[in-house]
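Work through the exercises below with the sequence and the model side by side. Try each task before reading its solution.

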Amino acid sequence: MIISLLPFAAVSANQDQANDQTRRFIRQTMQEQRIPGLQIAVVKDGQVVQSETYGLANVENGVVATRSTRFPLNSASKSFTGVALAQLAQDGRVDLNAPASRYLDDLPASWQAVRVRQLLAHTSGLPDILDADGLLGGGSEQDAWQAVRALPAEAVAGERFQYNQTNYVLLARIIARQSGMPYERFLATRQFSTARMPRTTFGDSYDLIPDAATMYSYLPRATDAKDATPRLSHWFYDMPPSLWAGGGILTTADDTARWLVALQEGRLLEQRAVQQMWTAERLNDGSAGDWAAGWPVFNTAPDLQVGGMGGARSAFIVYPERDLAVVVLTNLVGANPQQFIPRIAGFYSRADAQATATKQH
């Protein structure tokens, strides 16, 4: 009886050690990068083993961040769109290898041959509906759409990876047309509800969203002198509904972790569909692109690492072969959690190795 309990006790102790290492690392990182507020959730073997919140959701009013505070995923929303297309493909309502023009009948002639999976993986070669100043032309969504349609393709479909938001505007339209409901309702019905994500919604920093964290940056203002000392300032971003599929989700680390668990458990997709979704898209020359179907591929060696990252402030990385995922959401543009999440993942991978060594002895 005592012998049979030893492995479990060792695993628990190693897990606690990894959690403690994570806490110390997060506090150190927040101090070094001057991150106002942060949420973290760690999923290991299908369970949320770490979920904590640090700092302030709003600095000027001293509002403490909690596990209920909503943070924007920004471009990490694209992973949810990838799941939505995989669900429609699994339902037989979308063929990812088909041209987008099969589902959208108003595309310019030069866009007709672009395949759905090339939109997901940013290998479409289409022009971007956004420029350095926001929506093309600086006007309405409809004006920007007309402007981008008039531009020539920037590359042959499948020739190269080229990140842009036009791809996900089109994907949202495909989802709406093939599901018979707006993009946001399809996600709420097929993902948020299934994974039990009560704090997840859509919007941007101009929308009045309860419990949403305020966004900040140390980037210089346009009116600052070149040698001005960096200072914490508000960061505003505009995410109209037509761009929600590419960056409109606000959520919590806990909700995102539950979504990853639901994905792992097969409640959102069959496991074969998940594996296909996480396989990097091949370019015309046979080489692997930087993205899979809605998911950036961070690494394939020594093991597969996929996830989502957005706004230089939110990210999650999944390590399928380690049964591990780490979610970090912040309210600082420039925090780039995708850069330090691998350090956190390393704590839990070492805990696994120690537990395995203990079992063998």
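Axes are lines fitted to C-alpha atoms, for helices over the stretch in contact, and angles run from 0 to 180 degrees between N-to-C directions. Helices (H or I, at least four residues) and strands (E, at least two) are DSSP runs, numbered from the N terminus.

The model is predicted: local features need pLDDT of at least 70, side-chain atom pairs count only at pLDDT 80 or more, and totals for chains, interfaces and linings use all residues. Residues are numbered from 1 along each chain as its sequence is written, and side-chain values use heavy atoms, with hydrogens and water left out.

**Exercise 1. Two packed helices**

Task: Find the angle at which α2 and α6 pack, and list the residues that meet.

Solution. 
- Step 1. Locate α2 at residues 77-90 and α6 at residues 183-192.
- Step 2. Their axes are 11 Å apart and form an angle of about 80°.
- Step 3. Angles under 35 degrees count as roughly parallel, over 145 as roughly antiparallel, 65 to 115 as roughly perpendicular and the rest as oblique. The pair α2 and α6 is therefore roughly perpendicular.
- Step 4. Contact means heavy atoms within 4.5 Å. From α2 come S77, F80, T81, V83, A84, Q87 and L88; from α6 come Y183, F186, L187, R190, Q191 and F192.
- Step 5. Sort the residues of this contact: eight are nonpolar, four polar and one charged. Here Ala, Val, Leu, Ile, Met, Phe, Trp, Tyr, Cys and Pro count as nonpolar, Asp, Glu, Lys and Arg as charged, and the others, Gly among them, as polar.

**Exercise 2. The nonpolar cores**

Task: Which residues touch the most other members of the largest nonpolar core?

Solution. 
- Step 1. A nonpolar core is a set of buried Ala, Val, Leu, Ile, Met, Phe, Trp, Tyr and Cys residues joined through side-chain atoms within 4.5 Å. Buried means under 20% relative accessible area, exposed over 50%, partly exposed in between (1.4 Å probe, protein chains only).
- Step 2. The largest core has 83 residues, and W259, M277 and W295 touch the most other members.
- Step 3. Follow W259. Leaving out residues up to four places away in sequence, its contacts include F80 and V83, as well as Q191 and W295.
- Step 4. Another core, of 26 residues, lies apart from the largest one; M30, Y216, V328 and A335 are among its residues.

**Exercise 3. Two threonines**

Task: Are T69 and T251 buried or exposed, and which polar atoms do their side chains approach?

Solution. 
- Step 1. T69 sits in the loop between β3 (63-64) and β4 (71-72). Its relative accessibility is 5%, so T69 is buried.
- Step 2. A polar atom of the T69 side chain lies 2.9 Å from the backbone nitrogen of T66.
- Step 3. T251 belongs to strand β10 (residues 249-251). Its relative accessibility is 0%, so T251 is buried.

**Exercise 4. Backbone exceptions**

Task: Where is the cis peptide bond, and what is the phi of R34?

Solution. 
- Step 1. Most residues other than glycine have a negative phi, and most peptide bonds are trans.
- Step 2. The bond from A301 to P302 is cis, with omega near 5°.
- Step 3. R34 has a positive phi near 55°. R34 lies in the loop between α1 (2-33) and β1 (37-44).

Technical notes
Polar contact = N/O pair within 3.5 Å; in protein donor to acceptor, adjacent residues only side chain to side chain.
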